[in-house]
Amino acid sequence: MYENEKNEISALKKYLLSQIPSTPLPPNNLLLSPNSIALKAAVAGLDKELGRLEREERLVRKFTNENTVYGSGGRAASSAHNNNADEDVAMEYVKMTKEDAVDTVTTTMKRENDDEEDDWEEAKA
């Protein structure tokens with residue numbers, strides 16, 4: 001899937017490791033050593049991108065295979081679809097408005113405050 005990108009990264013990595021240490025870099029004809037921190041960072045970045053591409057390939061393959069299995073129209077797909085439909089029917093949906101949520105919060109706060117007032121009254125006595 002990402003073969004072209006992976007080949008480009010591998011070629012650039014090989015070039016960095018073999019040619020850059022012996023090539024003077026502009027503007028000051030700077031020569032990097034094979035142990036240069038800049039060279040190590042560049043190679044590490046390429047390795048990280050290569051790992052990301054491989055991970056993405058695995059995920060695409062995984063989800064493509066799952067979609068193929070469940071979307072095939074076979075017995076497994078229809079069985080899974082029926083189970084989901086049964087779960088949807090069994091669930092109870094409650095439609096709430098913003099006012100309902102505010103009333104719930106206010107009621108809860110009143111209950112908490114009621115307990116606190118009782119504690120204070122007991123402390124006064």
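Leu50 is in contact (heavy atoms within 4.5 Å) with Lys6 and Ile9, leaving aside its neighbours within four places in sequence. This is a predicted model, in which local features need pLDDT of at least 70 and side-chain atom pairs count only at pLDDT 80 or more, while totals for chains, interfaces and linings use all residues. Residues are numbered from 1 along each chain as its sequence is written, and side-chain values use heavy atoms, with hydrogens and water left out.

**Overall architecture and confidence**

The protein has four helices and zero strands, and from the N terminus on its elements run α-α-α-α; helices (H or I, at least four residues) and strands (E, at least two) are DSSP runs, numbered from the N terminus. Of the 125 residues in the protein, 12% are buried, where buried means under 20% relative accessible area, exposed over 50%, and partly exposed in between, with a 1.4 Å probe and protein chains only. The accessible surface comes to about 10600 Å², of which carbon and sulfur atoms hold 55%; such areas come from the Shrake-Rupley method with a 1.4 Å probe, and for residues only the protein chains shown count as cover. Among contacts between residues at least 6 apart in sequence, 54% join residues at least 24 apart.

The mean pLDDT (the predictor's confidence in each residue, from 0 to 100) is 75 for the protein, and 57% of its residues reach 70 or more. Where pLDDT is low, the predicted coordinates should not be read in detail.

**The nonpolar core**

The largest nonpolar core has nine residues, namely Tyr2, Ile9, Leu16, Ile20, Leu32, Leu39, Leu46, Leu50 and Leu53. H1 and H2 each supply at least two residues of this core, and H2 gives the most, with four residues. A core of this kind is a set of buried Ala, Val, Leu, Ile, Met, Phe, Trp, Tyr and Cys residues joined through side-chain atoms within 4.5 Å. In soluble globular proteins, nonpolar side chains tend to be buried together.

**Salt bridges within and between helices**

The structure holds five salt bridges, each defined as a side-chain nitrogen of Lys or Arg within 4 Å of a carboxyl oxygen of Asp or Glu. Three of them are listed here.

| Pair | Distance, N to O |
|---|---|
| Lys6 and Glu57 | 3.0 Å |
| Lys13 and Asp47 | 2.8 Å |
| Glu56 and Arg52 | 2.8 Å |

The salt bridge between the side chains of Lys6 and Glu57 links distant parts of the chain, with Lys6 in helix H1 and Glu57 in helix H2, 51 residues apart. Both Lys6 and Glu57 are buried, and Glu57 counts as buried because its relative accessibility is 6%. Glu57 is found in helix H2, which covers residues 37–70, and it touches Met1, Tyr2, Glu3 and Lys6, not counting residues up to four places away in sequence. Glu3, Lys6 and Glu57 are linked in a network of salt bridges.

The side chains of Lys13 and Asp47 also meet in a salt bridge, and this pair too links distant parts of the chain, Lys13 lying in helix H1 and Asp47 in helix H2, 34 residues apart. Lys13 counts as partly exposed because its relative accessibility is 26%, and Asp47 counts as partly exposed at 33%. The C-alpha atoms of Asp47 and Lys6, 41 residues apart along the chain, are separated by 10.0 Å.

Glu56 and Arg52, by contrast, both lie in helix H2, four residues apart, about one turn of the helix. Glu56 is partly exposed at 28% relative accessibility, and Arg52 is partly exposed with a relative accessible area of 41%.

**The loop between H1 and H2**

Two backbone features fall in this loop. The peptide bond from Pro26 to Pro27 is cis, with omega near 5°, and Pro27 lies in the loop between helix H1 (3–18) and H2. Asn29, which lies in the loop between H1 and H2, has a positive phi of about 50° although it is not a glycine. Asn29 counts as exposed because its relative accessibility is 57%.
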